[in-house]
Amino acid sequence: MSGPLSARRDQTGDTEVKALRGVNLKIESGEFISIAGPSGSGKTTLMNLIGCIDTLDEGEILIEGRVVSVLSKEEKTTFRREKLGFIFQSYNLIPVLTAFENVAFSLQLLGISNGEIKERTMAILKEVGLEGMENRRPGKLSGGQQQRVAIARALVKNPVIVLADEPTANLDSHTGEDILKLMEVMNQKHGTTFIFSTHDKMVMDFARRLVYLHDGEFFSDERRE
Ligand SMILES: Nc1ncnc2c1ncn2[C@@H]1O[C@H](COP(=O)(O)OP(=O)(O)OP(=O)(O)O)[C@@H](O)[C@H]1O
Ligand SMILES: [Mg+2]
């Protein structure tokens with residue numbers, strides 16, 4: 001990322017919120033980094049910029065050396081599909097699809113053969129601890145299990161970055177810790193960069209690097225290795 005970045009939210013009325021100001025961040029491949037800060041500090045805005053979901057006003061975002069902030073809407077969609085994995089606070093699984101189908105879907109969008117889809121989907125579901133539950137729909141899974149499906153869905157395409165906006169916010173602290181540990185194992189095993197946001201101290205403690213935002217500005221950037 002090359003900055004400084006700034007982004008505006010809210011075009012609905014006369015008010016204009018500068019959600020991010022002067023943010024400059026370089027994330028190395030394979031990092032396990034948390035974007036932290038109180039509510040309204042700009043965490044989601046920053047995650048959505050990196051995730052090619054929102055557009056920025058100033059600055060630019062580079063992923064693997066490519067300036068992604070100038071891509072068209074269609075190009076961003078393709079880039080997200082191929083290169084980025086997303087994990088959400090509310091899991092965002094498709095309720096009518098089974099765990100297997102939810103994960104397989106992200107590969108079907110990439111035009112991969114059915115045989116390979118099956119193999120990769122079964123393997124990743126096993127890795128996240130859901131062997132035997134492949135045919136359950138989200139409604140028949142606990143919150144933690146649903147988040148495991150979401151992790152599998154994000155990772156199955158071997159993305160460059162997994163972005164997780166408050167991934168444990170809907171889970172009890174014990175389950176939240178299990179999910180963070182799973183993310184940590186996946187980060188180490190696959191070398192995938194994980195960027196997760198939180199305002200929860202327990203979650204921050206898992207990060208190997210902690211970037212703290214306050215009122216849309218950088219407050220601190222701390223490495224703990
Ligand atoms: N859709 C929106 N319309 C208007 N203002 C918004 C919108 N989304 C965010 N904002 C504003 O942008 C700023 C940053 O919001 P953002 O959602 O990035 O914060 P956050 O750190 O993710 O907060 P939270 O912890 O509550 O999720 C805040 O001032 C917020 O009020
Ligand atoms: Mg947020």
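**Reading a predicted fold: sheet, helices and burial**

Guide: Let's start with the sheet in this predicted model. Six strands make up an open sheet with mixed pairing, in the order β7-β8-β9-β3-β10-β11.

Visitor: Which strands are the edge strands?

Guide: An edge strand pairs on one side only, and here that describes β7 (84-88) and β11 (217-223).

Visitor: In what sense do β3 and β10 pair, and over how many bridges?

Guide: Strand β3 (residues 32-36) runs parallel to strand β10 (residues 209-214), and 4 bridges join them.

Visitor: Which strands does helix α1 touch?

Guide: Helix α1 (residues 43-50) packs on the sheet and touches β3, β8 (161-165), β9 (193-198) and β10. The direction of α1 makes about 155° with that of β9.

Visitor: Now the helices. How do I describe two that pack together?

Guide: You give the angle between their axes and the distance between the axes. Take α3 and α4: their axes come within 9 Å and cross at roughly 130°. The two helices are therefore oblique to each other, and the crossing of α3 past α4 is right-handed.

Visitor: Which residues meet where α3 and α4 touch?

Guide: From α3 you have Ala 99, Phe 100, Val 103, Ala 104, Leu 107 and Gln 108. They meet Ile 117, Arg 120, Thr 121, Ile 124 and Leu 125 in α4. When you look at lists like these, keep the helix repeat in mind: with 3.6 residues a turn, residues three or four places apart point the same way.

Visitor: Why is α3 called largely enclosed by the rest of the structure?

Guide: Count its buried residues: 7 of the 10 in α3 (residues 99-108) are buried, so the helix is largely enclosed by the rest of the structure. The buried ones are Ala 99, Phe 100, Asn 102, Val 103, Ala 104, Ser 106 and Leu 107. Their cover includes α4 (114-127) and α5 (143-155).

Visitor: What about a residue in between, like Gly 22? Why does Gly 22 count as partly exposed?

Guide: Gly 22 has 14 C-beta neighbours inside 10 Å, so it counts as partly exposed; a buried residue would need 20 or more. Gly 22 lies in strand β2 (residues 17-23). Look across from there, too: the C-alpha atoms of Gly 22 and Glu 217 are 6.6 Å apart, though the two residues are separated by 195 residues along the chain.

Visitor: Let's zoom out. How many helices and strands does the protein have?

Guide: There are 7 helices and 11 strands. The radius of gyration is 17 Å, close to the 17 Å that the globule rule gives for 225 residues, so the protein is as compact as a globular protein of that length. Its C-alpha trace spans about 50 × 40 × 35 Å along the principal axes, and buried residues make up 37% of the 225 residues.

Visitor: And what share of contacts comes from residues 24 or more positions apart?

Guide: Among contacts with a separation of 6 or more, 69% are between residues 24 or more positions apart.

Definitions and conventions:
Residues numbered from 1 in each chain as written. Chains lettered and ligands numbered in written order. Predicted model: local features only at pLDDT ≥ 70, side-chain atom pairs only at ≥ 80, totals over all residues. Pairing = 2+ DSSP bridges. Contact = placed C-beta atoms within 7 Å. Axes fitted to C-alpha atoms, helices over the stretch in contact; angles between N-to-C directions. Rg over C-alpha atoms; globule rule 2.2 N^0.38 Å. Buried ≥ 20, exposed ≤ 12 C-beta atoms within 10 Å, placed from the backbone. Parallel < 35°, antiparallel > 145°, perpendicular 65-115°, else oblique. Left-handed = near helix turned anticlockwise from the far one by under 90°.
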